[in-house]
Each structure stands twice: as structure tokens, then as C-alpha cells.
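Dear colleague,

I am handing over a structure that will be new to you, and I would be grateful if you could look through it alongside the notes in this email.

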Amino acid sequence: MKRLTTYIRPYKKECVIAPLLKCMEALVDLFVPLCMADLVDIGIHGNNVPYIWRIGLILFGLALLGLAFSVIAQWFAAKAATGFAAGLRRDTFHHIQTLSFSSADQIGTDTLITRLTSDINQTQTGINMGLRLLLRSPFIVFGAMIMAFRVDVPSAWIFAVTIPVLAIIVYGIMWITIPLYKKVQTQLDSVVSSTRENLTGVRVIRAFRLQEQERRSFEEKTDLLTIASEKVGRFSALTNPLTYVIINLATAYLIYQGALRVNIGSLTQGQVIALLNYMAQILVELVKLANLIVTLTKAVASAGRVEAILLTESDMKDGTEGFPEDTTVRFDHVSFTYRAASEESLTDISFCARPGETIGIIGGTGSGKTSLVNLIPRFYDATNGRITVGGKDIRSLKLSGIRSSIASVLQKALLFRGTIRDNMHFGLPCASDEEIWDALEAAQAAEFVRTKPDLLDAPVEQGGRNLSGGQRQRLTIARALVRKPKILILDDSASALDFATDAALRHAIKELPDHPTTFIVSQRVSSIMYADQILVLDRGALVGKGTHEELLRTCHIYREIYETQIRKESEGKEEAVKS
Amino acid sequence: MNKPGNEKQIMKKVLKYVHRHLPLVIISILFAAFVVALTLYLPILQGRAIDRIIGKGQVDLTGLVRILLIMGGTALVTGFLQWLQNIINNRVTFRVVKSLRDDAFRKIETLPLSYLDAHPSGDIVSRVIADADQFSDGLLMGFTQLFSGVLMILGTLVFMFSISWQVAVLVVVLTPVSLFVAKYIAEHTYQHFRKQSEIRGKQTALIDEMVGGQKVVQAYGQEVIVQARFDEINEDLQKSSLKAVFFSSLTNPVTRFVNSLVYAASGTLGAFMVLRGHISVGQLSAVLSYANQYSKPFNEISSVVTELQNAIACAGRLLELIELSSEKADPAPAKEIKDFTGKVDIDHVDFSYVPERPLIRDFNLHVHPGQKVAIVGPTGCGKTTLINLLMRFYDVRSGDIAIEDTSIYDITRNNLRRGFGMVLQDTWIKEASARENIAMGRPDATEEEIIAAAKAAHADSFIRRLPHGYDTILHDGSDLSQGQRQLLCIARVMLALPPMLILDEATSSIDTRTEMQIQQSFDALTKDRTSFVVAHRLSTIRTADVILVMRDGNIVETGTHQSLLEKGGFYANLYNSQFARS
């Protein structure tokens, strides 16, 4: 839990004041039985009417004082708890953003979301309750015991026996339930992922008529969750009844002991009442404590889950140097293996891309094209070998510099909820409308954006699902272009575009004023055949490197790809190919 | 979104869910009544015990021991009943929440796509998970404490009247103060909780989107800006949570204050009553412990009320989801198409996603069994829309689509979808083994059939290279490349062998060599099967029986490859541009 204490630190003041005031309130409560004892012994037995009035007034005053202490304490507790949660949420979210792709892949999106939301909420509740009760309840319990000893030592021994027994029960139950709560949270995770999966896969699920099956599997998961919850419930439900029984047995013994003491004249009837009151106060506090324990155990379990995220170090160390002016990209015997994978995805890749060049990358499905371009902006680090930009190892460069100089259009065209302008600002926050239109123009997206009544203010739904695949791809390309990158990576990002649009897009990129070094990953020969250099990948190995003409001569895989595509697509259209 | 009504209406609906567990609820209530009665009986026993210890030499030990033994027994029974009651309440609560979640999920399965396409999934997830959780917490507390609280108050009053009507009257007079305060606070709290819940929903939506799209965020180095957006909502949430938490926590001290007032007042009055000889000291002590117990349930009830309000606010959001209108029900009685030959007729169809912006107008198409229909056109021209209509993901605004001369609106959706196999550009992988992912369309397929389908789709070799082969658990984020995912989806269709096919850019991420290799299997598959193919690869298009050229939602040209080229129109342009030098 160490890591999490940082977030409570800014609220040191609140964390001291809240429990302190709660203890003050408790102290006030502890005086009440004494007043009642005096009321009986002095007021009633002494037939002292003014004294009774006085005690009445004192009781009233104590009530008022308790209220004041308590209200202020609640305010500070609430402030500390919500502040803690907000800080924790902020940093956890931030931390998730800094996780490398491979760490994030491993943890998984669903659990990240649960931890950011429901787990942090649980810790907030835990802290709030904890600040209010964690100190106050033991304070009352021990305070009541001390007061009891002050009233009469021999009768008060039962307090000293009862309290440890109760403590053992409360903590024992906590000890049993904490791991069980963790199981509940794990079950909840699986319910979350089931829900999300069905929202994202709704078309496929309906097309395959799997609704019934999905429903059954969801119900199985909620069943398991229910069973796990009930199991914890059985244990935590023990706390209250057990404490109740023990306290009442202790009370009975206390009365018996008190009776013996009164009989020999060492104790008065009023004092016996006071002792009983203290026992009752302990019971009330323990009931609260038991509820608190349930909340706290949940909070501790949740806190552990959040902390685990915070402790997941990004496996990527940031560099220190700025991004070089010279944008020569060089791969030097680079190999790469995904963390969970058993075999290499890239093997011994070497090539050099000079500034302003267009590099085409082609190869079969699963040949490592995406893995290769993902290494350039350091989404993943090479397992062996090194990648340099302008002669500098990219691991020595600042990540922020790398990411702002290299624009990467990922295979999955993902837009965010907002407007088209918002999405473009995602590429370059300060982009003017003019710059945005330029980028849209180059990305061949201007035309359809212009047909939208709201133009740049046209709404985009989550993931861009109100747009067609091709529109999404063009917008994600525009988003990359708007930032005027030094290096541009297009990872099969024109796959949904028709040939005409694809050609126009390549033409526009070629004409960009800043001439970025461009990497184009594609399945289509036509998309890369005019590149300055073409890399041909097969099962992770670089099997061909050169221009279109060179490769046709030297690389049989390339020739095969070319022939299967171009020949087939140009049958009856030979003249177009030759021109 | 429709509102499920105010607190009362929500409560009614929640009670309907509770109603299913009526026997348990009744048992719980009975137990609660016993527990309350026994709890209240204890102070009387205590008072009697105290009256037997008046002073030095005035202690009736034998009478005392008898009373104390009864006290111990009563406590034991009470504790046991309490435990049973807790377990029952747990059970009822968790089952109600389960039913709510299941219903919400069932609803998700039938919601119209127009709704799902337009609402952030994070918000829906937040309802099914976080709101349901908060609701269960509130309901549990409510169950355990609300009922026994009320019983406790009533019981206490009865016992108090039996001891001293004067003190009882005093307590009754002070009661409304407590109720008034509790009500006042509760009203305020509800507002704040509702707001907190709303902001939380917004935040979850953002989290869902940004954590889901984290790779893009990082690729663009936009962590700072995303963080700023998050921080803004986070601050709002902090402020609204502070209010909600503080107001709800006020209930306790304030009612405790009223409680202390009652205690002080009954103590003072009680003392005078003892002086006048109306009651004994033991009875005074009993009255005082009642005074304590009397206001304790008020505390509990008021804290329960705030919890319940939070719970109701959450239940409200959950019910909102459950009560959304599902897609139009299947016709009853429905016609049934048993054998699909692949005849599809689209007549005068109008369609638009947004009423004010018509997309498809007066669309006609007649497909004969076994024909291959290619849909081409510039990006975003409505190709996918056609698929949405064929699969009934969306319904036409006017006009009709008929399959085998039967309107698709006269048969069930499942019947319709049984006729189609679909591979979409956006691949979706279920969190399940590779085997289960392929067998999705035919769960009863044998191992050989699955492997044959995977081989036909050229997915077999990469699946075998996965850590556990066909048993590898795949999920949406797993390391499969986009192309591999498409191969997997194609394998699904190869196994299911549906009568008709819809291929929406099904091979867009697959390299041409592999595609060439799959082509044979595809040719075998599409032979004699009606198929709708959205593609930009001419190899696919050229062999089509009908090519629909779409532009801005309209069919601008129809014909075969040859006839369209000769026509020299939009299609010819599109085709010629393909090899244009960049």
C-alpha cells in the first residue's frame, strides 16, 4: 500500500483533523454515562432537584459539542477521501498512458477500466469511512474500558477480557474475507469483459445468431459472481451477531460482578448503570466497526489492484536526447520477439532509409510488416540489434520527441468521440482550420467532409463508427498529416480505399511541402511499386530490398506477388499497366 | 434516453425484482421481527436486574442470577437469528442484482444497432457494472437495516409506553424533528448522488475510449491533452463527490444530535419521575437504553436512506438501459424460409440513418440464385449500408426486401441471418479459443471440419504456430495481425457454409499471395451461392454477375464488368484510375 500513501499526503491536515475531531466527539460521548451515574447517585438518591436540572443542561451542551465536532470532521474526511481518489485516478490514468504497448497488451483493457473506476471508488469509500471511524471506534472502545476501570477496578476486568476477544473475531473475519473479496473482483472483471465484448462485436454476434449463447455464458458468469459474493457474505455476516452475543454475555457477567460489589458497599447502583452504559457504547461502536471492516476489506483489496497497475513499470526507459534534424532511419541487424510469443516476429533486419525517401514494405499476412514499422516510433523495443535515427540509437532519444516527429497511422483506424476538428487537433493541438483543410485535402478526405453540413464540426462517434471504414482511414491519415511529421508511417492504412483514392493519396503525400520520410506498408503492389526502396518480408525475414525493377529481377517472392496481383487485375486491361 | 421515472417509480420497479424472492423476504422479515423483539426485551431484563441491586446488603442474588441466565440465552438466540437473517438478505440482494444485470445484458443483445452505434459503450458498461454494484451495496444495507429499524422504533415505543407514558410522549414529540432533518438531508443528497453518477458515467466513457485507444494516443504523443480532458472531468467528479459524500455523511451526526437531545430530555424527565416514585431506577436505566436504541434506528434508517437513494439513482440508470425499446419484435406468426436458393429482391427501398438526411433513395435490385453481386464505389458511398439492410441491422424506411419471394420483415431475424454468412472488414474476435472462434457459426462441427475450414482459409498454419495451437485463447487485443484476424473470420464462414454470403472488404488486410491461395476456396464457396461482395480489388469484381456502382448512396450504374467499361461512365473512370501513376 506504500505507493498509495502518496495520494493521501496532500491531505495530511484533513487526515489528522478528521479523526482527531472524531475522537473529541467520542470523548464527549464518554462523559455521558458518568453524568448519568451522578444523576442517579446524587440527583435521585440525594433528592437534589437543581442538580438534576444541571445534569440535563450539561447533557444538552455535550450533545451540541458532539454535533459541531462531528460535522467538521465529516467535512475534512470527505475532502480527504474525494481528493485522494481524484489524485489517484488522475495518476493511474496517467500511468496507464505511459505503459508501453507490450505492458498494456499484457494487462488488458477491461481490467484497466475496472480498476480506474470501481476499484478507486471503493478505496474512496474506504478512506472516508476509515478517517471517520477507524480511530474513533477503538478510541471509544478503549476509552470506555478506561472509564470503566476508573469507576470500579474489579468489575472492569471483564472489559479487559472482552475487548481482545472481540478484536480477534473482527480481525479473524477480515483475514478470511480479504482473499474472498479479491475473488469477487476477479469474477466482476469477467462480467465486464463479457459486456464489452458484446458491445464491440454486436454485428458478428447477431449475424451468427449467438445472442442466446452469449446470454447463457453471461448468466453463467453472473452466477459465479453471485456465488462468490454470497460466500464472502456468509463470513462477513457473522461479525455483528457474534459481537452482539459476546457483549451481552459480558454484560450479564458485569451485572453479576457489580451486584457482588454493591452488596459489600464498594459500588453504587448509579455506578453499575454507568458501567452498563459503557458496555453498551462498546457494542454500538463494534457494530459500526464491523460494517467499517467490510468496507475497509473491500477497499484494501481494491487498493491493491490499483497499486498493482501503478507498480507496473513501463518496460521502456525514456531517452534524454532531442530528435535529430537528420532523419536517416537505419535498422542494424534488428530482431524482435513479442513478449508472450514463442518465436521471433522479425529476424535480423537491416536497411537504411534516407531523408525524404519513400519506403514500401510488402509481404504476406503475418510476415512482420506491422511489427517492423512499430519499432520505428518505439511502440515496442527491438529484442536484438539497434535502430538509429540520424546516427543516434532511438533508445537514447526522448519519447516525446520521437512521437511528435514521427506520425504513425495504425492499421486499425480509430477516431475519438468529438468533432472532426477535435480529431484533427489530436494530431496537432494548435492546428488552424487552414492547416486542417490542407491535411484533409492531402488525405483525400476534404471532399466528404465538405458534404457534411457542419464541416469540421461534424460529430464523430466513439471509434468513428458513424463513418465508413474508408472515411475513417482517410481521417486518421489526415490526423497524421496535420502535424507535418518528419517521418510518416502508413501501416496498411489505405486498405479500405478504392484504387483511385489510394493513388491520389500517394500522389498528394509525395507532393507534401516538407517531404517526410515515408514508410508505406501495403498488401498492394500498386501502392508501393513506385517507392524509392521496397522491403519484401517473408516470415519475419527480409528477403528482398531494392526498387521495383530490381526486385522483379532478383526477388522471386516479390515477382510472385507482383504477378499474381497485377496480372490478375489487369487481364483485359494490359494497356493500363504498360502506360 | 427515456427516463424510468422518479424515485418512487424506480423503487416500484426494483420491488418487482425483489418480489421474485418473496418467500425469503418474508422469512427475513419474520426473523427481523424476532430479533427486534428480543433485542428490546434485553433492556427490560437489565432494568429488572438493576432493581435487584439497590445498595449495600440490598442485593437479591438468586433472583439476579435467574434473570442473567435468561439474558444470556436471549442474546444467543438473537445472535443466531441475526446471522440467518443476514445470510438471507445477502442472498436476496445478490440475486436481485444478478437478475438486473442479466436483464440489462439481454437488453443489450436486442437493442437496435442504431442505438448501439450512437452511444459510447463505456457508459453502458458503467451501468451494468458500477451502477449495479452501488445498487447492490445500497440494497443490502437497506434490506438489513430499514425494516428492522422501523420495527425497532415501533417496538421501542411500545416498551417505553409500558414503562412510562410521560417519557414515551416526550420521545414521540421529539421524533418529528429527527424525521424532518433526515428527510431534508436525504433530498439534498439524492441530487448530489445523481449528479455524481452522471459525471462518473461521462468519465467512464472517456476512460473506455482512451484506454481502448491508448495506442493511438501514444502514437500521437497526445497523452498530455487526453490527460487534460480527463483531469477536467476528474475535477468535476471530485467536486461533486465531495458534496455527495459530505451531505450524505451529515445525516449521521445530525440525527445523533437529535438522539442525544432525546437522551438528555428523557434522562432529566425520568429522574424526576423516579423522585416522585412513578418508576424505579432500573426502569429509568431501561428507558435510557431505549432512548439510545430508539434513535439508533433513526441513524441507521437515515444512513440507509442516503445509501438507498444512491442505490436508486444507480438502479435508475440501470433500468433506463433495461427499459430502452428493443429492436422491432419479430413478426408473429412469422413465415419461415426453410431452403434458401439465394433469390433476393430489393424494391423501392428508401433509407437514411438520420431522417433529415436521406441516403438511399428508390433502390431496386433483383438477384437470381447463385449470382455474385459486387458493390463498388468511392469510399463512404453507402456500400456498408446495403449490408446493414440485408442483415436487418437497420430497417428500411420504405420499400421492401424479399428473399425467396418472402419479405424479410415477415420472417424472424434469426431465420434471415441463417441464410447469410458474413465477413466484415472490422474483424471481431471473441475471447475464446481459436477453435471456438472458428466454430462460432456451427458449434457442433467436428475437429476435422474445423481444421479443414481453417486450411481452406489458410488460417491453419498460423493457428498451429500459436502457443497452444487451436486451444490458444484469443481476444480482441491479442497479437494477431489484422490479416490473420481476417483469415480467422473467413474460416468461420468456410465452416458454416451459409446459403448466401456477404463479404465486406473481407480480404482487405490479407496479402495478395495468400488471397490468391484462398481464392480457390472462395471460388468454390461462392459457386452457386448468391454473394454480395464489397471490394476494391478488381480481381474480385471482374467475375461478378452484377456490379452495382454506388455513389452518394445511390446506384449510379449497374451491369457487368464488360458492359460498364463499354459504357465509359463512372465505373470506367474508377477502373482506369486504378493504375494511374502517382
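Predicted model: local features only at pLDDT ≥ 70, side-chain atom pairs only at ≥ 80, totals over all residues.

Residues are numbered from 1 along each chain as its sequence is written, and chains are lettered from A and ligands numbered from 1 in the order in which they are written.

Chain B has 582 residues, of which 56% are buried (20 or more other C-beta atoms within 10 Å of the residue's own, with C-beta atoms placed from the backbone). Its secondary structure comprises 19 helices and twelve strands, taken as DSSP runs of H or I with at least four residues and of E with at least two, numbered from the N terminus.

Where the chains meet, 146 residues of chain B are in contact with 148 residues of chain A, contact being C-beta atoms, placed from the backbone, within 7 Å. Helix α8 (residues 223-275) of chain B supplies the largest share of chain B's side, 28 residues.

In chain A, the axes of helix α2 (residues 12-44) and helix α6 (residues 136-151) come within 9 Å and cross at roughly 30°; axes are lines fitted to C-alpha atoms, for helices over the stretch in contact, with angles from 0 to 180 degrees between N-to-C directions. Among the residues that meet there are Leu27(A) and Leu30(A) from α2(A), and Phe139(A) and Ile140(A) from α6(A).

With best wishes

Note on methods
Contact = placed C-beta atoms within 7 Å. Buried ≥ 20, exposed ≤ 12 C-beta atoms within 10 Å, placed from the backbone.
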